Amino acid sequence: MSIERRVQLVEALFEKLDTQISTFQHKTNLKCQSGCGHCCTNPTIEASPLEFLPYAFHLFLNGQAETTLTTLKTKQNTTICHLYSPLNIVDNTIGRCGNYKYRGLICRLFGYAASNDKYGQKRLVTCKIIKEGQQHAYQDTQDAINKGLYIPMFTEYYMQLSQIDFTMGNVIVPINNALILAIEAVLQYYAYRPFPSGLVNIA
């Protein structure tokens, strides 16, 4: 399957998820605080290269893939996501995603999706800030989930992702490594192939 087709399928999966999360937010009133970047600064975030394939393809089309790859490789000891943009030089947890459109699957799911606990019950996976700062909404939401409110599931979405590309979808690495692998995959694919038809290289 071509890179272009895989990108289309990943983007379609993300579009479906975004619609479901928007509905979930509307029904529960749960939302992230504006300017909060606590989860983005977590040094243990892991992701698959496949969820960043649309971002890597975007970089390639805009002639930025090789320079971004070089930047990422020179900062391999940096654990905070390359896409994260702090807005405060003193407190780096105040910030936002520098390329929100191309954020990964893990970034979309966290806060608005669930996993099964040891009893088989669906549990909303979210941060301490939402649990404590929106305590009533959080508890009401968990109660609603237990009564059947639809919520996206981590396992289901990662299974759907892996069906697009089993290999790329099942490699789980630190998030910046996932970015590197995604960009390398695009560059290697087009190393001996013509530029994608119908698209213009603006580099």
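A residue is called buried when its relative accessible area is under 20%, exposed when that value is over 50%, and partly exposed in between, with a 1.4 Å probe and protein chains only. By this rule Leu17 is buried, because its relative accessible area is 0%. The structure is a predicted model, in which local features need a pLDDT of at least 70 and side-chain atom pairs count only at pLDDT 80 or more, while totals for chains, interfaces and linings use all residues. Residues are numbered from 1 along each chain as its sequence is written, and side-chain values use heavy atoms, with hydrogens and water left out.

We can begin with the chain as a whole. It has 9 helices and 6 strands, where helices (H or I, at least four residues) and strands (E, at least two) are DSSP runs numbered from the N terminus. Along its principal axes, the C-alpha trace spans about 55 × 40 × 30 Å. The radius of gyration, which is taken over C-alpha atoms and compared with a globule rule of 2.2 Å times the number of residues to the power 0.38, is 18 Å, and this agrees with the value near 17 Å that a compact globule of 203 residues would have. Of the 203 residues, 40% count as buried. The chain exposes about 11500 Å², of which carbon and sulfur atoms supply 52%; such accessible areas come from the Shrake-Rupley method with a 1.4 Å probe, and for residues only the protein chains shown count as cover.

How do parts of the chain that lie apart in sequence meet? A contact means heavy atoms within 4.5 Å, and among contacts between residues at least 6 apart in sequence, 75% join residues at least 24 apart.

The interior can be described through its nonpolar core, a term for a set of buried Ala, Val, Leu, Ile, Met, Phe, Trp, Tyr and Cys residues joined through side-chain atoms within 4.5 Å. The largest such core has 57 residues, and those with the most contacts inside it are Ile3, Phe52, Leu105, Leu109, Ile183 and Val186. Several elements give two or more residues to this core, including helix H1 (3–28), helix H2 (53–61), strand S4 (113–116) and helix H9 (175–189). H9 gives the most, with 9 residues. Val186 shows how such a residue is surrounded: not counting residues up to four places away in sequence, Val186 touches Ile3, Leu53, Ala56, Phe57 and Phe60.

H2 is followed by Gly63, whose phi is positive, near 70 degrees.

Leu17, with which we began, is placed in helix H1. Leaving aside its neighbours within four places in sequence, Leu17 is in contact with Leu105, Arg108, Leu109, Pro152 and Tyr157, and among these Leu105 and Leu109 belong to the residues with the most contacts inside the core. Leu17 and Gln188 are 171 residues apart in sequence and 29 Å apart in space, C-alpha to C-alpha.

Leaving aside its neighbours within four places in sequence, Asn176 is in contact with Leu72, Thr78, Thr79, Ile80, Cys81 and His82.

The loop between H1 and strand S1 (46–47) holds Asn29, which counts as exposed at 58% relative accessibility. Most residues other than glycine have a negative phi, yet Asn29, although it is not a glycine, has a positive phi of about 65 degrees. Lys31 is placed in the loop between H1 and S1 and is exposed, with a relative accessible area of 56%. Even so, leaving aside neighbours within four places in sequence, Lys31 is in contact with Tyr112, Ile130 and Gln134. Lys31 and Ala137 are 106 residues apart in sequence and 9.8 Å apart in space, C-alpha to C-alpha.
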